[in-house]
Amino acid sequence: MKAIVVGGGIGGLAAAVSLRRVGWEVVVHERAAAFGEIGAGVGVMPNALRALEWMGVADEVRRLGTPRVSGGVRASDGRWLTHLPDVGQEKVVAMHRADLHGVLLRALPSEILFNNAEVTSVEELDADLVVAADGINSRLRAELLPDAPGPVYAGATAWRGVAPGPFDLPITQTLGPGGEAGILPLGDGRVCWYVATVAPAGADLDPAEVFADWHDPLPELVRSTTDVLRHDIYELPLLPTFVSGRVALLGDAAHAMTPYLGQGACMALEDAVTLAAVDGDLARYDAVRRTRTQAVWKGSRMAGKFGIGVRSPIALALRNFVLRALPGPVAVRGMTRFSSWQVPAMPR
């Protein structure tokens with residue numbers, strides 16, 4: 001059986017690795033001139049790590065990443081709102097997105113990877129299975145589901161970068177009025193960070209100014225980063241199906257979501273392993289993945305309303321009070337709600 005994967009990002013490469021593991025012949029088409037990954041940090045959550053274990057690459061991910069337990073959640077003035085205890089909390093592997101992409105790339109033979117290979121229609125492809133992993137603005141999704149809505153602006157803009165450090169910091173989420181921030185330390189002293197704020201699409205904002213009065217070291221992280229990425233945050237409205245004929249949508253092409261749970265890349269890894277675990281049974285893939293990812297999509301949107309969406313002083317005080325009053329074990333259960341996923345059983 002032959003599969004063609006359209007898109008050479010984390011999700012597309014993971015699909016290729018996974019399908020090859022169960023005996024599929026696979027080629028990957030990437031429209032860019034080279035295979036690579038932009039961005040800053042990624043938290044490889046326990047669910048994603050289980051997917052990588054199934055692919056056989058988790059040991060290298062652990063070697064390149066840094067296993068950590070989140071320190072907790074802070075207010076923008078630096079007060080701790082909740083600490084997450086180590087007990088019962090599985091570790092997140094913190095790493096740069098390019099490193100995760102490199103692990104997957106090295107797991108594939110070079111002769112199946114084709115760059116400068118733009119695919120504009122499924123009709124161009126001769127394969128038993130086509131994996132559309134071509135991102136939130138997927139051309140193949142638009143072709144296959146012409147009546148489905150496209151991406152919509154989620155009301156916030158975000159900046160990401162890697163501060164050179166060295167720093168010794170825990171994984172931290174910070175919630176402030178109409179904004180949030182995250183700190184993801186790497187093992188070499190660098191820190192991947194992101195900041196996001198409610199704003200009109202395309203707003204001309206300077207993150208160093210927007211977050212200047214937030215707690216240390218956030219302003220320093222922003223100021224000390226020379227290569228800052230800025231993206232307006234879009235999400236893909238829920239689709240009625242992830243499959244059409246011999247085509248499976250995967251990753252952001254199927255379920256692009258807001259980043260407030262940190263599960264976007266993790267969902268793509270789950271998609272890839274599930275597609276292989278069901279051995280290309282697209283009806284089963286659709287049923288399993290649509291239920292799972294759309295629940296996470298809704299959870300991420302709700303987390304955004306509880307976090308970045310809170311702006312008034314009264315609402316901020318109430319939200320912060322609730323978080324401070326939350327017992328540690330309850331907070332852990334909330335954080336691990338979506339990370340308890342297991343790889344589906346292979347068909348007999």
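Visitor: How many bridges join β5 to β6, and do they run parallel or antiparallel?
Guide: Three bridges join β5 to β6, and the two run antiparallel. Strands here are DSSP runs of E with at least two residues, helices are runs of H or I with at least four residues, and both are numbered from the N terminus. Two strands count as paired if DSSP finds at least two bridges between them.

Visitor: Before we go on, what kind of model is this?
Guide: This is a predicted model: local features need pLDDT of at least 70, side-chain atom pairs count only at pLDDT 80 or more, and totals for chains, interfaces and linings use all residues. Residues are numbered from 1 along each chain as its sequence is written, and side-chain values use heavy atoms, with hydrogens and water left out.

Visitor: What holds strands of a sheet together in general?
Guide: They pair through backbone hydrogen bonds, either parallel or antiparallel.

Visitor: OK. How many bridges do β10 and β13 share?
Guide: Eight, and β10 pairs with β13 (residues 191-198) in the antiparallel sense. V162 stands opposite C192 of β13.

Visitor: New topic. What is the strand order in the sheet of three?
Guide: β3-β7-β4, an open sheet with antiparallel pairing. Its edge strands are β3 (41-44) and β4 (66-68). The twist averages 30° from one strand to the next. β3 and β7 (residues 92-96) share four bridges, and G43 stands opposite A94 in β7.

Visitor: Which helix packs on that sheet?
Guide: α4 (residues 97-106), touching β3 and β7. Its direction makes about 95° with that of β7. Contact means heavy atoms within 4.5 Å.

Visitor: Now the core. Which residues touch the most other members of the largest nonpolar core?
Guide: V44, L52, M55 and L104, in a core of 77 residues. A nonpolar core is a set of buried Ala, Val, Leu, Ile, Met, Phe, Trp, Tyr and Cys residues joined through side-chain atoms within 4.5 Å. Buried means under 20% relative accessible area, exposed over 50%, and partly exposed in between (1.4 Å probe, protein chains only).

Visitor: What does L52 touch?
Guide: Leaving out residues up to four places away in sequence, L52 touches V44, V57, A58, V61, L100, L104 and L269. There is also a second, separate core of 14 residues, with L169, A181, V195 and V222 among them.

Visitor: Which peptide bonds are cis?
Guide: G165 to P166 is cis, with omega near 10°. P166 lies in the loop between β10 (152-163) and β11 (172-176). D216 to P217 is also cis, with omega near 5°. P217 sits in the loop between α6 (207-210) and α7 (218-223).

Visitor: N116 has a positive phi too. Is that residue buried or exposed?
Guide: N116 counts as exposed because its relative accessibility is 58%. Its phi is about 55°, although N116 is not a glycine. The residue lies in the loop between β8 (113-114) and β9 (129-132).

Visitor: Last one. Is S339 buried or exposed?
Guide: Buried, at 4% relative accessibility. S339 lies in the segment after α12 (328-336). Setting aside neighbours within four places in sequence, S339 is in contact with P46, N47, R50, E90 and Q263.

Methods
Axes fitted to C-alpha atoms, helices over the stretch in contact; angles between N-to-C directions.
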